[in-house]
Amino acid sequence: MVNISSSQDLSHSIWRPHLLIIFFGILKLLIHLIALKGYGYHADEIYYVELGKEWQWGFPDISPFVTWIAHVSNLLFGSSLTGYRILPCLFSAATVVMTGYMTYLLGGKRLAITIACSAIICSPAFLATSYLLQPAVFDEFFWTLLSFAFIAYHKSRKTPFLWLMAVALALGILNKYSILLLVFSALIAWLICAQRTNVPHWKKLLPPALVFLLILAPHIAWQMEQGFPIFKFTTEVAKTNFDVDPGDYLLQLFFFHGASVAVWSAGLIFLITNPKSKEYLFLGIASLMVIAVLSVLKGKLYYGLGLFPLLFANGGYCWERMLNHFKTAYQIMFTGMLYVFALLSLPVVIPIFSVTGNQFYLSEMVRLTGFSRPLRYEDGSYGKIPQFFADMTDWEYLTTRVAEVSRQPGTFGKASVILTNDYAIAGALKHYGDAALPLVISAKNSFLNQSPKSLDQHTIIYLTKSTGLDILLIADQVTLMDTIYSKNSHINGIRIYRLLFPSKAFKQQYARDRLMFVKS
């Protein structure tokens, strides 16, 4: 293992392998540039783009960092899909670079760096999340940056890496609170391992801690002013989404990383069992804790993807030590296996084919392998293309249909608002609708800040998938104006109703939904 004394120039030591590491960062970037437009905006992307039009320090249901990226992207590249995806791709490339440097700091040489960087590049889970304007790609980066800064500080004892840890953690929280799961798990594991050596003096920790608090202060102030909506939102999500299903999470854990599972699993075992790196044992235990918590809470795989660059780095070092005993041909064969699997899975995670071509490829994959999990949707149903592909299609089509309905005069004139509880639909209508489209409102997401406190309108366009007799009770007159049929799309089954004089109960429900996340 490489020992870097405090007298050595750590920056020189880090940058020696930079050409190889930068090569893998560029390779990662190029992979995503080939199909940057895909099928269109993802449902979440439209949401963040619209929220990002105004600079805010917080939102009821999300952290603000991703909306800042949307805002900056618009300023730098304009309001195009390609422009909004450039920065996520750059962050994902930077994550690969950080993985390479972690591998080197842990003692890995050329083969270890190659295996670790190839593992993260070839993981289908990382391929699927690396090009979309979503918190996941930034979450992966900040978890990795935090891990890198810790290892670099542990090796060098240089204070700037404490500052880097503070910045990484603060911005990570501003992107997604899930990074706190990593921090708390690491602290608990550290206490379990009773490691008290090399703890920085409090005088060293104080300035980085102040920087951490200064970065978070505006967001904390916003949460306080709004009555801490994050707690309200988390409570409501827990009520509806808590469903223990560890088997499904473990299935994702092993299959959605493809051949790269051989690298991260080796890294996890190596962290826990290697007697020469006892100082990192608590990181292995913390990794197990994160996996266990997400498994029990039925977390989605991308909630904890930021954990895996650390495991890939250790796995690359572990495999290098084992493969050094074999001929170069076997080393090439092992690394090549990662890329072969990545090529086979590429159409499943990146929209390189047309929708029709993707359907054919997926149907053949299921026929040959019997593995249909990528086609399973959140509601338990199965589609013909993965759900995140389906969430990229037909948003302009939906807006056109809704606009046509809104132009039709009713008994008391045209509708003045369009109501939906689906944040993606609200975002699409706001993004693609013109000035003639009625005001789009919603009470169950951050668009509530742009929505009235009460429903006082006599005529409303209401978008929902609800059917049956209950829908007839929400207004004096309920008219089904149109139904959207769009295969392999998020909007399939959306019904467009015109409500004339909404009922008191419907208005009260709107107010309750809105107050679920805000004080008034």
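Two strands count as paired when DSSP finds at least two bridges between them. With that in mind, let's take a friendly walk through this structure, which is a predicted model.

**The strands around E5**

Strand E3 (residues 459-464) pairs with E5 in the antiparallel sense, over six bridges. Strand E4 (residues 475-483) also pairs with E5 in the antiparallel sense, here over seven bridges. Strand E5 itself spans residues 495-502 and is mostly covered, with six of its eight residues buried.

Next, find helix H3 (residues 43-51), which holds Asp44. Is Asp44 buried or exposed? Its relative accessible area is 15%, so Asp44 is buried, because the cut-off for buried is under 20%. Leaving aside residues up to four places away in sequence, Asp44 touches Gln134 and Tyr423. Polar contacts link the side chain of Asp44 to the side chains of both: the one with Gln134 is at 3.3 Å, and the one with Tyr423 is at 2.3 Å.

**Two residues with positive phi**

Most residues other than glycine have a negative phi. Phe228 has a positive phi although it is not a glycine, and so does Asp394. The table sets out the two cases.

| Residue | Phi | Loop between | Relative accessibility |
|---|---|---|---|
| Phe228 | about 50° | helix H11 (202-225) and helix H12 (229-241) | 32% |
| Asp394 | about 70° | helix H19 (387-390) and helix H20 (395-406) | 33% |

Phe228 counts as partly exposed because its relative accessibility is 32%. Asp394, with a relative accessible area of 33%, is partly exposed too.

Why does Phe77 count as partly exposed? Its relative accessibility is 34%, and partly exposed covers what lies in between buried, under 20%, and exposed, over 50%.

Terms used:
Residues numbered from 1 in each chain as written. Predicted model: local features only at pLDDT ≥ 70, side-chain atom pairs only at ≥ 80, totals over all residues. Heavy atoms only, no water. Buried < 20%, exposed > 50% of the residue type's maximum accessible area, 1.4 Å probe, protein only. Helix = DSSP H or I, 4+ residues; strand = E, 2+ residues; numbered from the N terminus. Polar contact = N/O pair within 3.5 Å; in protein donor to acceptor, adjacent residues only side chain to side chain. Contact = heavy atoms within 4.5 Å.
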